[in-house]
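I open this notebook to record what I looked up, entry by entry. The structure is placed below for reference.

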Amino acid sequence: MSALDVLRFAASALRGHGLRTVLSMLGVAIGVAAVIMLTALGEGARRYVTDQFASLGTNLLIVVPGRTETTGGMPGFGGTPNDLTIDDAVAVLRRVRQIRALSPVAMGNETVSFGERSRQVAILGATAEMLEVRDLSMRSGRFLPTGDWDRGTSVAVLGPKSARELFPGIEPVGQVLRIGEFRMRVIGVMAQRGVAIGVDFDDVVIVPVATAMRLFNRTSLFRLLVSVRVYTEIEAAELMIGEVLRDRHDGDEDFTIVTQDAVASAFSQIFAALTAAVVGIAAISLTVAGIGIMNVMLVSVSERTHEIGLLKAIGAHPRQILAAFLVESIMLSAAGGAVGLLTGWLAIEALLAAYPGFSAAPPAWAVAAAAGVSLGVGAIFGVLPARHATRLDPIAALRG
Amino acid sequence: MIQLRDIWRTYDVGGRPLHALREVDETLVDAEHVAVMGPSGSGKSTLLNLIGCLDRPTRGSYQLDGREVGDLDESELAEIRRHHIGFIFQSFHLVARLDAVANVELPMVFAGVARRERRDRAQRALAVVNMADRADHRPDQLSGGERQRVAIARATAMGPKVLLADEPTGNLDSRSGRQVLELLDELCAGGMTLIVVTHDPNVARRADRVITLVDGRIVSRIRGDDLGEVNPYIAFAENAQDAQAAENAENAENAEHVQGDESAEPPESAEATENARDSGQIEEVAETGAAEKGARA
């Protein structure tokens, strides 16, 4: 009996029960399609975040007040024994020679209004160096003025979205708006930038850091953004910054230095965990599908006892009967897998068509695993029914 | 040539031995036509399955063309069934989803005959049974007689030496039955050994020899021509049936008690027996009963 004959025989059996075949295929198809779609989304999200970090430049260091033992994550929202001050920032800038640019950052939310229009916007306190550190570019006007960080002038730079919302149809540069109780003159509007590490640079108002601290009545900075001259000097810079700050804080390690890599890898880990969860769910759904196939095959065997008895009577070898039934269940699950792969792929294509900016592709391992598992499901869950078939007593099977 | 020497076939039923065949000695020469008769449960089917290598004797020697079947393993038995034995069943056992020619091809598929060749051979086998023009019909599009002819084509497609038929006309009207029997006669005349299990004296009469089994034992061997209007089998059968009916009634009663239904009325029990005798399932009960009786004797 050739392999082709086995396939043909199994296919004819599957065609004999069209509806049942389709329904049990559906189980596998859904499982596989889910794996493909969910891993593609996870991978897309991971890529998106990674790209965001890459766009920041990899030679960025972030100093956050407060101590965290863990690396990565988003520390700095806990209590802080010592403030991270503008003086600290100045000292770091002076003493760490690897630094190319440094900007202290203060942050908060405040209502910004112009005339009748008002809007709750993230307020970023920064300095002129922010432009270089975050590689920002201007659409019109200019960025914050250089000079003494302690001087809080009443000027503001708008993100493009904030500008659009607050000044519809009006050139914002030169206008005066209110941030809380303070009046500020708009001196510039930034070009489109997008979200980067939790800050939407499109919908933001940037003011001098001293102004922001007064605005929010804070003594501590939100963080220091440091860009080093060369990527290879990041570690040295990190050590030096630590030394300077410990010096100034009576030897306390009450701050955390986060490197770009640590943040990126933390995100990576989060997405890896998400993917693992998705894979786990998919594994469960494929197991359920496999049991469905086993059930269908068992029904098929008990329905076809006469046929199996006949096959034995006409001299079919037990191995051939085993092969026929095993191939049948593998075909069933493989066909389901193929349908699932196709469905998943179509769904992703549809998603990409709907959101052109999002790049989602199932990782190769997920496609391979889904295809492999769908074959494996048929093989594993087909063994029991197939063995049932071969062990059938031909005499009993033919009776009646 | 089929040689059976002191064949016993014993089943274990609930820890007790049940002798479906005992002391069967028989020799069938090539191209012989033998009918096997006997009441239900007398071991006819067991004998047929044994000769057909679907089963092995518990004791004794079965030689098919000089090969000892009892010594063969599962795959060697399959090999023998494939090349030397053709089965014909009362209920045809055609595969419903396959058309006639594909059904005839089936043994050749498992024997590994190439696709083109097996199609040719299947067509020829169908032509022999006069079904060539219905090759592409599925079983549900064929009459009973036509189905049985397709089944015969399938049984002979591999060119077996032994053809085993279990009540081949049991589900057919008399006209299709006669056609099928004539077909079997022709095949036998062509050199195949034909063994037909039947209840029908009109079928048995066509055979060279008629073997009668009762309780797993061969009780008579006569020439087919001698199977007249009155024959020993009928007498045996009637006695045996009566004995079994009594046994069945007893069994049914026991069964009622086992179920714990103390309130069961005797008439109900008798009715159950009546029903039971009608249904084919009870063949086994009868077999058990017969064997028990034998064991006691």
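**Entry 1. Terms and model.** I count two residues as in contact if their C-beta atoms, placed from the backbone, lie within 7 Å. I also note at the outset that this is a predicted model.

**Entry 2. Chain B overall.** Of the contacts with a separation of 6 or more, 69% are between residues 24 or more positions apart. I recorded 10 helices and 10 strands for chain B. The chain has 297 residues, and buried residues make up 45% of them.

**Entry 3. Chain A overall.** Of its 400 residues, 42% are buried. Among its contacts between residues at least 6 apart in sequence, 82% join residues at least 24 apart.

**Entry 4. Confidence in chain A.** I looked up pLDDT before reading details in chain A. The mean for the chain is 85, and 93% of its residues reach 70 or more. Which strand of chain A has the lowest confidence? I found that β8 (residues 195-196) of chain A is lowest, at a mean of 60, while β5 (residues 155-158) of chain A is highest, at 93. I also marked residues 69-73 of chain A, over which pLDDT stays under 50. For that stretch the model has 6 contacts beyond four places in sequence.

**Entry 5. A strand of chain A.** I turned to strand β12 (residues 255-259) of chain A. Is this strand largely enclosed or open? Because 5 of its 5 residues are buried, β12(A) is largely enclosed by the rest of the structure. A:Phe255, A:Ile257 and A:Thr259 point one way from the strand, and A:Thr256 and A:Val258 point the other way. Residues on both sides are buried. I next looked up a neighbour of this strand: β1 (residues 60-65) of chain A is joined to β12(A) by 5 bridges, and the two run antiparallel. A:Pro65 has A:Phe255 in β12(A) as its bridge partner.

**Entry 6. A sheet of chain B.** I traced an open sheet of 4 strands in chain B, in the order β2-β1-β4-β5, with antiparallel pairing. Which strands lie at its edges? They are β2 (16-28) and β5 (67-68) of chain B, each of which pairs on one side only. Strand β1 (residues 2-13) of chain B is joined to β2(B) by 9 bridges, and these strands run antiparallel. I noted B:Tyr11 opposite B:Leu18 in β2(B).

**Entry 7. A helix of chain B.** I looked up helix α4 (residues 115-128) of chain B, which has 14 residues. From its first C-alpha to its last the helix reaches 20 Å, close to the 20 Å expected at 1.5 Å a residue. Its buried residues are B:Arg118, B:Ala122, B:Ala125 and B:Leu126. Seen down the axis of α4(B), these fall within an arc of 100°, so they line one face of the helix. What covers them includes α3 and α5 (144-156) of chain B. On the other side of α4(B), B:Arg116, B:Glu117 and B:Asp120 are exposed.

**Entry 8. Positive phi in chain B.** Most residues other than glycine have a negative phi, and I therefore listed exceptions. Just after α4(B), B:Asn130 takes a positive phi of about 65°. B:Phe92, which is not a glycine, has a positive phi of about 65°. This residue is found in the loop between β6 (85-88) and α3 of chain B. Why does B:Phe92 count as buried? The cut-off is 20 or more other C-beta atoms within 10 Å, and B:Phe92 counts as buried because it has 23 C-beta neighbours inside 10 Å. B:Asp215, also not a glycine, has a positive phi of about 55°. B:Asp215 lies in the loop between β9 (209-214) and β10 (217-223) of chain B. With 26 other C-beta atoms within 10 Å, B:Asp215 is buried.

Methods:
Residues are numbered from 1 along each chain as its sequence is written. Chains are lettered from A and ligands numbered from 1 in the order in which they are written. This is a predicted model: local features need pLDDT of at least 70, side-chain atom pairs count only at pLDDT 80 or more; totals for chains, interfaces and linings use all residues. A residue is buried if 20 or more other C-beta atoms lie within 10 Å of its own, exposed if 12 or fewer, and partly exposed in between; C-beta atoms are placed from the backbone. The expected span of a helix is 1.5 Å times one less than its number of residues. The arc is that of the directions from the helix axis to the C-beta atoms. Two strands pair if DSSP finds at least two bridges between them. pLDDT is the predictor's confidence in each residue, from 0 to 100.
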